[in-house]
Amino acid sequence: NPGAEEQYFDAWRRFIGDDRALLADIKPGHLQDYHAYLEAYRFRRKLSRGKLGPRKPYSNKTIRHYLSAAAAVLMWAHGRGWVATPPMKPKTATPITTPRDMPLEAVRALLETLPRATRAIVGFIFHTGCRPSEACRLRWEWFRPADGGSGSFVLPAGAHKTGEKTGSSRTIYLTPDARAIGDLQPRAGALVFLNTRGLPFT
């Protein structure tokens with residue numbers, strides 16, 4: 001990513017400053033110092049019309065990316081004899097992703113905007129947590145109506161992602177909402193879900 005590479009270079013250049021350390025002067029603890037610099041640095045994002053936003057710290061994820069890029073370059077230089085000692089990459093905090101839960105009412109409103117056939121398969125995926133590829137290939141012959149209260153689909157080993165490795169079948173248990181969606185699907189063919197043209201989803 002050219003844009004990211006430029007950002008990595010700019011951050012490293014700010015850290016080195018005007019004294020511009022020579023490669024031969026790089027010490028094992030150089031990345032630890034760079035880590036401390038990144039944690040303390042506050043950047044300003046460019047807004048519209050040339051304005052700058054408020055100063056913010058780098059996220060843990062960004063710091064890890066910057067450190068990894070610097071470590072990769074220094075290790076490359078060490079492999080060519082330009083850096084005497086390989087740099088010691090410091091431990092960093094694990095990035096925490098903020099959950100982006102969508103209210104159930106919003107999900108239902110979104111589903112209502114989809115064509116009927118698409119709404120059915122997307123709703124089934126939402127209510128069961130199955131993989132999209134599994135829903136696209138779901139067959140009526142795998143249906144177990146009395147299993148687990150609302151029924152289930154038992155996928156043979158060759159019909160799901162990990163089946164070839166484990167050799168085991170996979171059971172998709174149905175919630176009442178998922179069962180209601182399934183009950184509305186025609187049983188004229190082998191597949192549970194077909195698109196608006198009567199063809200398999202891909």
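Which residue forms a salt bridge with Arg-179?

The model is predicted, so local features need pLDDT of at least 70 and side-chain atom pairs count only at pLDDT 80 or more, while totals for chains, interfaces and linings use all residues. Residues are numbered from 1 along each chain as its sequence is written, and side-chain values use heavy atoms, with hydrogens and water left out.

**Stop 1: helix α8**

Select residues 176-183, which form helix α8. Helices are DSSP runs of H or I with at least four residues, strands are runs of E with at least two, and both are numbered from the N terminus. The buried residues here are Ala-178, Ile-181 and Gly-182. They cover an arc of only 100 degrees around the axis, which puts them on the same side of α8; the arc is that of the directions from the helix axis to the C-beta atoms. Buried means under 20% relative accessible area, exposed means over 50%, and partly exposed lies in between (1.4 Å probe, protein chains only).

Next, display the side chains of Arg-179 and Asp-183. These two form a salt bridge, and their closest N and O atoms are 3.0 Å apart. The term denotes a side-chain nitrogen of Lys or Arg within 4 Å of a carboxyl oxygen of Asp or Glu. Because Arg-179 and Asp-183 are four residues apart in helix α8, about one helical turn separates them. Arg-179 is partly exposed at 21%, and Asp-183 is also partly exposed, with 45% relative accessibility.

**Stop 2: a network of charges**

The structure holds four salt bridges. Select Arg-131, Glu-134 and Arg-170, which are linked in a network of such bridges. Glu-134 pairs with Arg-131, with 2.7 Å between the closest N and O atoms. Glu-134 is buried, at 0% relative accessibility, whereas Arg-131 is partly exposed at 26%.

Turn next to the bridge between Arg-170 and Glu-134, where the closest N and O atoms are again 2.7 Å apart. Arg-170 lies in strand β5 (residues 170-173) and Glu-134 in helix α6 (residues 132-136), so this pair ties together parts that are 36 residues apart in sequence. Arg-170 is partly exposed, with a relative accessible area of 24%.

**Stop 3: helices α2 and α3**

Show α2 (residues 30-40) together with α3 (residues 60-79). Their axes come within 10 Å and cross at roughly 155 degrees. Axes are lines fitted to C-alpha atoms, for helices over the stretch in contact, and angles run from 0 to 180 degrees between N-to-C directions. The two helices are therefore roughly antiparallel to each other, a term for angles over 145 degrees.

Among the residues that meet are Leu-31 and Tyr-34 on the α2 side, and Ile-63 and Leu-67 on the α3 side. Contact means heavy atoms within 4.5 Å.

Now select His-35 in α2. Is His-35 buried or exposed? His-35 is buried, with a relative accessible area of 10%. Leaving aside neighbours within four places in sequence, His-35 is in contact with Ile-63, Leu-67, Pro-90, Lys-91 and Thr-92.

**Stop 4: the segment after α8**

Finally, select Leu-194, found in the segment after α8. Leu-194 is partly exposed, at 34% relative accessibility. Leaving aside neighbours within four places in sequence, Leu-194 touches Ala-117, Leu-199, Pro-200 and Phe-201.

Note on methods: Parallel < 35°, antiparallel > 145°, perpendicular 65-115°, else oblique.
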